[in-house]
Amino acid sequence: MNERPVVGISLGDVSGIGPEVTADALSSPKVRRALLPVVFGDGPTLERFPAFAKYTRATPETLGRVTKPTVCVVTELAGKDRVPGKPTRAGGRAQYGYIQAAIEAARAGKVDALCTAPVSKEQISRAGIPFMGHTEVLAEAFGREVMMLMDGPRVRVALATNHVPLVEVSRMLTVERLVGQLQLLSRSLKPVVGRAPRIGVLSFNPHAGEGGLLGREEVDVLTPAIKQARKLRVDAHGPLAADGLFAQVEHFPYDAVLAMYHDQGLIPAKALDFERTVNVTLGLPVPRTSPDHGTAYSLAGTGKASSVPMVEALLKAARLATR
């Protein structure tokens, strides 16, 4: 490995804020000191930004051992397909291509970590590619059970289920699934906190189900899963009512929380610190991070988009790769 880890960066939707926040973040001295970037993206789009002018140029076929900042040109989109704020189907196919190129580089050992700029699930799907999110694509590509973790400066929140309709969450919650996730979360965070992390498990129903009065998931699934995980030396506690737990954020009693569904976890994580909370995928053979925001078409090309989330995501990827 280089003294600085090599981080593969997929550019995201070229009609969104991905290109500009990536360019701005990579201009930061602390980011430049922390990592060697390889940006997988669109040639003409990358040429718009002076930050990439001195980068070594490569393609997925010619990309070799990275010793200098590099742009890996995956597409050469027409002008109409790279207009800020105006996404197209071609752009949808392209942003998926950047993800795949970055993944292949990671699988080949050419990059030490991945950082993904925001994509549009809608535009990728409109291009005819089934796509539910980065996390699901990465799990399939590496053949791993993975977990989404919102890693913020005040709370860490992992998700038991990711991008699924709320009506389907209950049937997906099984004792076996939750025990495996608690083990993965504990194993992943132990090197970070220096001991077995203390994990709070959120309830599925209001008021933790009120002993079965407001739903059986806590009685039939969550409590047995927590007991089984504790027997496996996972320091898990719950089920806990989410509304009461996040009211304790100033003196938070857990190193991480396992939320049962997407919004239950992401709403408090984003509300507490939107800019510095980083999306981390646990369970992969290489670290993967992402800023915790979307394509923001209304801001694309205006110069108003903040690069702080991308800076935080890049630095987190570098730290995890070094660790």
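Reader: Why does Ile199 count as buried?

Author: The model is a predicted one, in which local features need pLDDT of at least 70 and side-chain atom pairs count only at pLDDT 80 or more, while totals for chains, interfaces and linings use all residues. Residues are numbered from 1 along each chain as its sequence is written, and side-chain values use heavy atoms, without hydrogens and water. Buried means under 20% relative accessible area, with a 1.4 Å probe and protein chains only; Ile199 has 0% relative accessibility, and therefore counts as buried.

Reader: What makes Leu185 and Tyr254 contacts of Ile199?

Author: Contact means heavy atoms within 4.5 Å. Leaving aside neighbours within four places in sequence, Ile199 is in contact with several residues, including Leu185, Val234, His237 and Tyr254. Ile199 and Leu185 are 14 residues apart in sequence, yet their C-alpha atoms are 8.4 Å apart in space.

Reader: What makes eight residues in the lining of the largest pocket nonpolar?

Author: Ala, Val, Leu, Ile, Met, Phe, Trp, Tyr, Cys and Pro count as nonpolar, Asp, Glu, Lys and Arg as charged, and the others, Gly among them, as polar. By these classes, the lining of the largest pocket has eight nonpolar, seven polar and six charged residues, whereas that of the second largest pocket has eleven nonpolar, three polar and six charged.

Technical notes: Buried means under 20% relative accessible area, exposed over 50%, partly exposed in between (1.4 Å probe, protein chains only).
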